[in-house]
Amino acid sequence: MRIERRAHRPLALVLLAPLIAIVAALAISGVLIAIAGAPVLEAFRLIVTGAFGTRLGFTETLTRATPLMLTGLAAAVAFRARVWNIGAEGQFYLGAIAVAAVCATVFSGWPPYLLIPAALMVGAIAGMIMLLVPLGMRLRFGIDEVVTSLLLNFVVVLFVSMMIEGPLKDPLAFGWPQSIPVGPDAMLPKLIDRTRLHIGLLIAVAIAVLVYFLQARSVFGMQSRAVGLNPTAAVFAGVPLAKTLIKVACLSGGLAGLAGAIEVMGVKGYVTTDLSPGYGYSGIIVAMLANLHPLGVIVAALFTATMFVGADSMGRALGIPSYIADVTVALSLLTMLVSIFFTQYRIRR
Amino acid sequence: MTAVPVLRLTGITKTFGTTIANDAISIDLAPGEVLALLGENGAGKTTLMSILFGHYTPDAGTVEVDGVQLPPGKPRAAIRAGVGMVHQHFSLADNLTVLENVMTGTESLWQLKSSTGAARAKLLSIAERFGLKVDPDARVGDLSVGEQQRVEILKALYNDARILILDEPTAVLTNIEAETLFATLRVMAQSGLSLIFISHKLNEVMAAADRVVVLRGGKVVAERLTGATSKAELAELMVGRRVARPVREAAVPGPVLLQASNLDVGRRLSSINFEVRAGETLGIIGVSGNGQTTLGHLVSGLVQHSAGELQLFGEAMDRTSVRAMIEAGIGRVPEDRNAEGVIGDMAIWENAVLERLWQFSRNGLVDRGAARAFAGEIIDGFDVRGGAPDSRTRLLSGGNMQKLILGRNLQNRPRILVAAQPTRGLDEGAIAAVHTRILDARRAGTGVLLISEDLDEVISLADRIQAIVKGRLSPPVPAEQADARLLGLMMAGDWPQDGKIAHAH
């Protein structure tokens with residue numbers, strides 16, 4: 001039995017791969033649910049109704065999907081060009097804390113139509129800087145950005161922790177470690193009243209479409225793909241390697257920073273160290289499930305959010321740990337990697 | 001064949017997917033015989049030898065050594081039966097000595113003390129017997145490529161090989177080294193060893209072999225004694241039709257387009273001088289690894305010179321870039337198609353325009369219509385087969401990939417064409433096509449800088465020839481004076497320092 005590279009990658013197979021991966025991940029989680037002593041099919045039904053069955057569940061799923069779309073895009077854009085950005089979590093937090101730092105101080109008193117775009121921009125720039133550091137170290141010293149971008153996540157979270165215990169601490173929070181609020185003028189308008197759903201969702205979807213267009217049609221998109229697929233040939237063709245990678249890093253880091261900014265300004269209004277339940281890391285899974293396709297990221301983010309929200313309510317109803325959501329999402333990454341492999345190779349005897 | 005065959009392949013068949021690599025091939029090898037296996041890329045030579053050596057299991061057929069059948073798919077059994085293989089890409093450890101390399105794999109892992117003394121004596125006696133001089137204590141990494149190949153051969157002989165298989169043995173050698181190798185092969189055959197060497201070069205087959213088996217499309221198409229055939233006949237048998245490489249007519253050199261004066265690139269090129277004239281081809285011949293890559297990159301705009309002067313159309317270029325070179329009208333064919341020339345996973349149209357995206361974009365957006373049209377023109381004009389503008393470039397064969405690369409450069413009639421190893425690894429038909437294109441461009445007034453390791457190619461295409469050795473360029477010799485012997489001397493670095501090459505006849 002041998003494994004052989006496919007000459008063509010059939011489109012149907014590429015589209016089917018994530019579905020197969022998700023079904024496989026759900027099947028394996030089903031075994032775990034059964035071991036936990038709950039009825040498997042009932043559990044899956046509860047996950048779906050939990051995520052979509054009620055107005056609250058439905059809007060909550062979309063709210064959760066918003067940052068995942070942005071961090072998923074951040075990973076997809078970077079991975080396409082073989083920039084291994086594992087630091088979206090740190091970029092997310094730096095974007096968030098930057099927004100908290102400027103909204104009530106530098107930008108205070110600005111009208112919302114100026115304040116909101118300016119604050120989002122600040123968040124994106126903070127995220128950019130956070131990825132330019134590891135990329136710069138790769139370009140200058142050849143240090144692998146997988147390690148540096150990953151480790152910087154912990155540095156940033158500790159930095160945020162320091163800020164919200166120190167200079168940016170909210171004096172009115174009864175001693176809770178949280179940042180000063182961004183203020184009502186900086187809050188993103190709600191999409192549906194009396195829910196947490198805000199216009200960040202529309203921004204994320206619009207950006208996904210924009211990124212798709214950029215990758216498919218622009219010079220930058222073609223060059224970044226060339227750099228990712230074969231850097232030597234790209235350089236021979238005159239593609240400026242460092243410049244292209246820096247642009248990719250700005251886009252990727254910027255998207256992750258924007259995710260943090262939108263989460264603060266859309267949902268909480270202030271920063272805590274549990275602002276993100278791992279959105280930066282889940283973004284990697286979202287990107288892989290989407291096969292790095294920007295429009296696929298929208299769907300993959302919805303799936304991931306469904307699992308998180310649905311498993312929460314399923315866990316409450318059946319009395320099993322909601323960690324099953326983390327397990328399922330993590331498993332779907334593994335099954336997706338296997339699926340991707342089989343879109344490229346076939347088994348032959 | 002009068003004697004009992006020492007090796008007999010019977011009805012060897014092997015398929016990969018839908019392609020039949022070997023189709024019922026039967027070959028005998030007599031003791032003391034030198035057999036050449038001649039065929040183009042993809043004819044099935046390497047597959048056949050891999051089956052013989054036990055790397056692959058055949059679908060059908062048997063391998064017999066001295067009348068005893070070898071178990072399929074067992075390299076160790078092949079080695080024990082006395083089959084030795086010298087690969088095109090050496091399997092030597094650079095940081096070990098010659099003796100250590102030769103001994104590797106011959107002793108049990110659990111043996112506490114290795115018997116270096118006995119091994120050294122055996123190695124030296126083999127070396128003596130076949131005239132393969134080596135220092136057993138030299139580090140392999142310090143040896144020249146020719147010497148490394150000698151170590152590979154010694155390694156096989158050390159394992160008591162009586163049948164030696166050499167896969168494209170001359171691909172990495174200079175002419176002189178190749179002649180030495182053939183002399184060694186003769187000695188080995190006379191002392192009773194049987195040899196098979198794989199090649200697609202007609203000259204060396206005629207020079208070194210007793211008998212030739214021609215493979216085409218996985219089948220044995222002919223078997224000839226070298227005394228009873230000719231290069232022309234073998235070429236036709238190998239390709240399956242008459243293929244004539246185009247012949248160069250006299251050049252009408254125009255003005256100097258590109259000129260290097262005492263130019264350095266770091267330590268990789270030192271004080272080189274050359275000029276490329278319109279309507280003329282300058283050939284740079286040399287053994288791989290002597291600075292050709294850097295020279296190619298210099299004129300392609302990838303590296304900068306650190307001293308001396310590079311003049312393009314009479315104007316000094318201080319800093320170059322890929323875009324500046326392309327805009328100035330330099331067409332660039334890189335030495336490694338797959339690594340530098342194309343991006344296999346991108347579409348053909350993308351590879352056609354990637355290096356000149358500024359011509360095919362507006363406001364930062366790629367003009368895909370124009371790009372596809374350009375790719376279509378190349379596909380039609382340069383006979384690129386096996387793909388449409390939207391198909392993945394990986395699916396093209398080497399020859400068609402090279403036509404695509406030539407096409408994207410020649411479509412816009414460049415003033416200078418830099419062609420580095422333009423036919424490396426191509427088969428005879430594709431070589432003829434590439435040569436025709438290069439000669440056409442030259443006739444149209446393009447100045448061609450041809451960097452090649454292939455002596456025949458340089459002699460047939462170039463008007464003037466310079467040799468590159470250790471980052472230095474010899475003075476040019478006119479093609480009329482250049483023969484294999486003179487070029488061989490030049491490639492070995494043997495040229496007088498006063499700038500004149502003595503006529504070597």
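1. Two strands pair if DSSP finds at least two bridges between them. That rule applies to strand S1 (residues 7-16) and strand S4 (residues 60-65) of chain B, which run antiparallel and are joined by five bridges. Within this pair, B:Thr10 stands opposite B:Thr62 in S4(B). Helices (H or I, at least four residues) and strands (E, at least two) are DSSP runs, numbered from the N terminus.

2. Some conventions. This is a predicted model, in which local features need pLDDT of at least 70 and side-chain atom pairs count only at pLDDT 80 or more, while totals for chains, interfaces and linings use all residues. Residues are numbered from 1 along each chain as its sequence is written, and chains are lettered from A and ligands numbered from 1 in the order in which they are written.

3. S1(B) has a further partner. Seven bridges pair S1(B) with strand S2 (residues 19-29) of chain B in the antiparallel sense. B:Thr15 has B:Ile20 in S2(B) as its bridge partner. The two strands form a hairpin, with two residues between them. In the turn, B:Gly17 has a positive phi of about 60 degrees.

4. Chain B also holds a six-stranded open sheet. Its order is S6-S7-S8-S3-S9-S10, with mixed pairing. Strand S6 (83-86) and strand S10 (219-225) of chain B are the edges; each has a single partner strand, so one side of each has no neighbour in the sheet. From one strand to the next, the twist averages 20 degrees. Axes are lines fitted to C-alpha atoms, for helices over the stretch in contact, and angles run from 0 to 180 degrees between N-to-C directions.

5. B:Arg211 is set opposite B:Leu225 in S10(B).

6. Which strands does helix H1 (residues 45-52) of chain B touch? Packed on the sheet, H1(B) touches strand S3 (34-38), S6, strand S7 (163-167), strand S8 (194-199) and S9 of chain B. The direction of H1(B) makes about 150 degrees with that of S7(B). H8(B) lies across S3, S9 and S10 of chain B and runs at about 30 degrees to S9(B). Contact here means C-beta atoms, placed from the backbone, within 7 Å.

7. The domain assignment of chain B gives domain 1 (7-239) and domain 2 (256-343 + 413-491); such bounds come from an automatic or database assignment. The C-alpha centres of these two domains of chain B lie 34 Å apart. Nine residues from domain 1 of chain B and 10 residues from domain 2 of chain B make the contact. On the domain 1 side, helix H6 (175-190) and helix H8 (231-239) of chain B each supply at least two residues. H8(B) gives the largest share of that side, three residues. The side divides into five nonpolar, three polar and one charged. Ala, Val, Leu, Ile, Met, Phe, Trp, Tyr, Cys and Pro count as nonpolar, Asp, Glu, Lys and Arg as charged, and the others, Gly among them, as polar.

8. Between chains, 23 residues of chain B are in contact with 15 residues of chain A. Helix H10 (322-327), helix H11 (337-341) and strand S18 (365-366) of chain B each supply at least two residues of the chain B side. That side divides into 13 nonpolar, five polar and five charged residues.

9. A second open sheet in chain B has four strands, in the order S12-S11-S14-S15, with antiparallel pairing. Strand S11 (residues 256-265) and strand S14 (residues 307-312) of chain B pair over five bridges. B:Asp264 has B:Ala307 in S14(B) as its bridge partner.

10. Two backbone points to check. Most residues other than glycine have a negative phi. Phi of B:Asn363 is positive, near 50 degrees. B:Asn363 is in the loop between strand S17 (361-362) and S18 of chain B. Phi of B:Gln421 is also positive, near 45 degrees. The loop holding B:Gln421 runs between strand S19 (416-420) and helix H15 (428-443) of chain B.

11. Are these two residues buried or exposed? B:Asn363 counts as exposed because it has 6 C-beta neighbours inside 10 Å. B:Gln421 counts as buried because it has 22. The cut-offs are 20 or more other C-beta atoms within 10 Å for buried, 12 or fewer for exposed, and partly exposed in between, with C-beta atoms placed from the backbone.

How values were computed. Two residues are in contact if their C-beta atoms, placed from the backbone, lie within 7 Å.
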